[in-house]
Structures are given as C-alpha cells and as structure tokens.
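Here's a friendly walk through one model, starting with its sheet and ending with the helices. Take a look at the sequence and structure first.

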Amino acid sequence: MNIETALKEAMAVEGALGVALVDYESGMSLGSLGGGQGLDLELAAAGNTEVVRSKMRTLASLDMDDTIEDVLITLGRQYHLIRPLTGSAGSLFLYLALDRSRSNLALARHGLKRIESGLEI
C-alpha cells in the first residue's frame, strides 16, 4: 500500500485523532491525516523525532542488539504511539495519536503493525 492508503487505514483505528509518517533523520513529515485543535501533527512529528533519536542513541550506547518495536506515551486523555518502520532503512516511523477513552491500545498496536507490513515506500 502507498503512504496515503496507510494513513487512511491508521485513521480508521478506533479512537484515532491523527497520524503521520515521519523521517526521524530530518524531522519532516512525509504525510499526515487528522489532527486539528489541540493536536498539531507537524509539531508533534518534530517532537517525536527527538524521542526516537534519543532511544536509538540509548540502544547504541548500551550496545544492545535489538530494535524498537514501538514507543508508547500515555497522557491523561490520549495515547501517542510511535512505531519505527523496520523496512525503511531505519529512518521512518508511524506516529498515531489516540483518544484514550475511545481506543483499544492492543488493537491500535496490532493495526500499526499490520499497516507497517503492507506499506511500500
């Protein structure tokens, strides 16, 4: 599937507020859907780039031979799910913001994994 289709499928996840595909080397978003008042996806994409970079540096400094499956940030009313894409030469991640009261975290994680496996860039 292409980027547009992947973003639409991510927005179909129950409780989705916004989604972005982000290059964490540059901090730039390759595409996004949703967002709006209270969720600036461009700003969130840039901020989450720092989260992914920091975790990658930590894994490298600990000499851990492992990969990040996903990063979860829980807020009072939202979940923010970051999933680095393994097939993207290590520089892209999917970012999905969810309404905590309307979402199922396990299903959202499963959905992002499925979207990742079908995404062709």
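What follows is a short tour of the strands and helices.

## Before we start

This is a predicted model, where local features need pLDDT of at least 70, side-chain atom pairs count only at pLDDT 80 or more, and totals for chains, interfaces and linings use all residues. Residues are numbered from 1 along each chain as its sequence is written, and side-chain values use heavy atoms, with hydrogens and water left out.

## The sheet

Five strands make an open, antiparallel sheet in the order β2-β1-β5-β4-β3. Its edge strands, β2 and β3 (71-74), each pair on one side only. Strands here are DSSP runs of E with at least two residues, and helices are runs of H or I with at least four, numbered from the N terminus; two strands pair if DSSP finds at least two bridges between them.

## Around β1

Strand β1 (residues 16-23) has seven of its eight residues buried, meaning under 20% relative accessible area with a 1.4 Å probe, protein chains only. Seven antiparallel bridges link β1 to β5 (residues 92-99), and Val 22 has Phe 93 as its partner there.

Asp 23 sits opposite Met 28, and Gly 18 faces Gly 34. The two strands form a hairpin with four residues between them, and Gly 27 in the turn has a positive phi of about 80°.

## Helices on the sheet

Helix α1 (residues 3-11) packs on the sheet, touching β1, β2 and β5. Helix α2 (residues 41-61) also packs on the sheet, touching β1, β2, β3, β4 (78-84) and β5. Touching means heavy atoms within 4.5 Å.

Note on methods:
Buried means under 20% relative accessible area, exposed over 50%, partly exposed in between (1.4 Å probe, protein chains only). Axes are lines fitted to C-alpha atoms, for helices over the stretch in contact, and angles run from 0 to 180 degrees between N-to-C directions.
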